[in-house]
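Let's work through this structure by question and answer. Keep the sequence and the 3D view side by side.

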Amino acid sequence: MKGAEKNHTFRRREMVKTLERYGIANRRVLDAFLEVPRHLFFAEEMLDCAYNDGAYPIGFRQTISQPYTVAFMTTLLVERCSSGKVLEIGTGSGYQAAILDALGYSVFSIERIFALHERAKKLLTRLGFGVACRFGDGTLGWMEEALFNGILVTAGAPREPELLLGQLAQKGSMIIPIGESSAQQMTVIQKEGNDFKRELFEYFTFVPLVGREGWDETVF
Ligand code: SAH
């Protein structure tokens with residue numbers, strides 16, 4: 001292993017130790033974080049930040065989510081459905097999608113900014129992650145591929161997107177931050193029969209979910 005690679009591997013292990021200190025305990029999730037080379041989802045000039053526990057710019061006023069946030073959402077998913085089809089809204093850098101692929105899910109991901117969609121799609125393919133990427137408004141879901149066992153919304157929603165709820169399989173869970181643009185509460189909505197069971201968790205701050213069942217683009 002070359003020096004730079006060794007350094008990335010060392011820093012990735014340190015990042016995972018930090019996640020454990022913050023309470024992430026699921027071994028499958030921690031192993032996925034050890035496996036996916038987060039620095040490859042960063043621009044050259046940002047490489048030094050890749051293994052910090054922070055959110056960083058990826059262009060177009062968007063960010064790659066903080067590792068703790070990705071780990072928190074992924075744990076909520078893994079604990080409720082350990083395999084199957086997962087839809088991610090907000091491909092962004094592609095990092096969260098890669099983590100889901102490493103966990104063995106069949107992953108579908110939608111991004112509304114074309115340049116980000118193109119970049120993530122190429123990167124994920126080059127790195128060998130089998131994620132199906134689509135350009136468009138993710139609040140409408142992915143009809144042709146529904147139903148999903150899990151739906152992860154990685155942008156802050158003003159309310160529950162109805163169309164997405166309709167694409168959840170029986171016992172499937174949607175993990176979605178909901179609230180004002182300044183802070184959103186992590187929410188799990190699980191489909192049970194004709195009903196939905198809701199659980200509330202801690203607050204996070206995401207970039208806005210913009211779309212027909214999200215925020216109006218003109219607000220930002
Ligand atoms: N999961 C990403 C996080 C990126 S930030 C990662 O791991 O890097 C959230 C992303 O959601 C942004 O790229 C933003 O453009 C995208 N987004 C916001 N609203 C969206 C919508 N309605 N449909 C699809 N993507 C959306």
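Q: Which elements each supply at least two residues of the shell around the ligand?
A: This is a predicted model: local features need pLDDT of at least 70, side-chain atom pairs count only at pLDDT 80 or more, and totals for chains, interfaces and linings use all residues. Residues are numbered from 1 along each chain as its sequence is written, and side-chain values use heavy atoms, without hydrogens and water. Helices (H or I, at least four residues) and strands (E, at least two) are DSSP runs, numbered from the N terminus. The elements are β2 (62-64), β3 (85-89), α4 (95-102) and β4 (106-111).

Q: Which element gives the most to the shell around the ligand?
A: Its share is three residues. The element is β2.

Q: How far is a nitrogen atom of the ligand from an N or O atom in the side chain of Asp 137?
A: A polar contact is a pair of N or O atoms within 3.5 Å; within protein, one must be able to donate a hydrogen and the other to accept it, and residues adjacent in sequence count only if both atoms are side-chain atoms. For Glu 88, a polar side-chain atom lies 2.8 Å from a ligand nitrogen. For Asp 137, the distance is 2.9 Å.

Q: Is Glu 5 buried, exposed or partly exposed?
A: Glu 5 belongs to helix α1 (residues 3-21). Buried means under 20% relative accessible area, exposed over 50%, partly exposed in between (1.4 Å probe, protein chains only). Its relative accessible area is 36%, so Glu 5 is partly exposed.
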